[in-house]
Amino acid sequence: EPLLARVFDFSAQYEVLPDRSVKLIGMTRVVNDAGGRYLGTFVHKKWASGLSSELTEWLFREQKVVELYKYTLIEKLAELMQSIDYVGPFGIDALVYKDAGEWRLRSCVEINARLTMGRVSLELQKKTRAKAGFFQILRLSQLGGSFSTWLEEANAAIPAPTAKYGS
């Protein structure tokens, strides 16, 4: 959706269980470039953290995004996934954009029937018990051309564990 005046992108992450029911795993904020290509994922305990209070109110009160992604879409998503005999993870990409000065919700840009970076990010958040995080794919050129040098520098920049923070 590169022609829309994007405000922000997000994703809803689901799992089709063996009994064919669909469960919402969580939601993430997605960072894309101007052409809509994936750059990274923000995860938060409250996925809309960092958005303006006006936008948050519009999303939750007017657009009812929790109800939409947690309840309203579940039945239709279950039917769709059953029709292709799919079991496993999938994600819905969505976005908020501006049109004539008003926010608009594109509730489904695409459905990715696979393990998405949003899901990987949520699982990393759960595994690390982080309240928030930003996960991205780095290209070798972004690392200065050498992964091993980048890794050494990154490890040197991380403070050593202390009793205060655990080991």
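I take contact as heavy atoms within 4.5 Å. Helices (H or I, at least four residues) and strands (E, at least two) are DSSP runs, numbered from the N terminus. Axes are lines fitted to C-alpha atoms, for helices over the stretch in contact, with angles from 0 to 180 degrees between N-to-C directions.

The model is predicted, so I note that local features need pLDDT of at least 70 and side-chain atom pairs pLDDT 80 or more, while totals for chains, interfaces and linings use all residues. Residues count from 1 along each chain as its sequence is written, and side-chain values use heavy atoms, without hydrogens and water.

Helices first. I find α2 (residues 65–83) lying across β1, β2, β4 and β5, at about 30° to β5. Helix α1 (residues 53–62) lies across β1, β4 (88–99) and β5, at about 60° to β5.

Next, the sheet. I read six strands in an open, antiparallel sheet, ordered β5-β4-β1-β2-β3-β6; strands pair if DSSP finds at least two bridges between them. β5 (102–112) and β6 (132–136) are at the edges with a single partner strand each, so one side of each has no neighbour in the sheet. The twist from one strand to the next averages 30°. I looked up β1 (residues 5–16) with β2 (residues 22–32): eight bridges, antiparallel. Gln13 has Gly26 in β2 as its bridge partner.

Last, Leu138. I place Leu138 in the loop between β6 and α4 (147–157). Its relative accessible area is 35%, hence partly exposed (between buried, under 20%, and exposed, over 50%; 1.4 Å probe, protein chains only).
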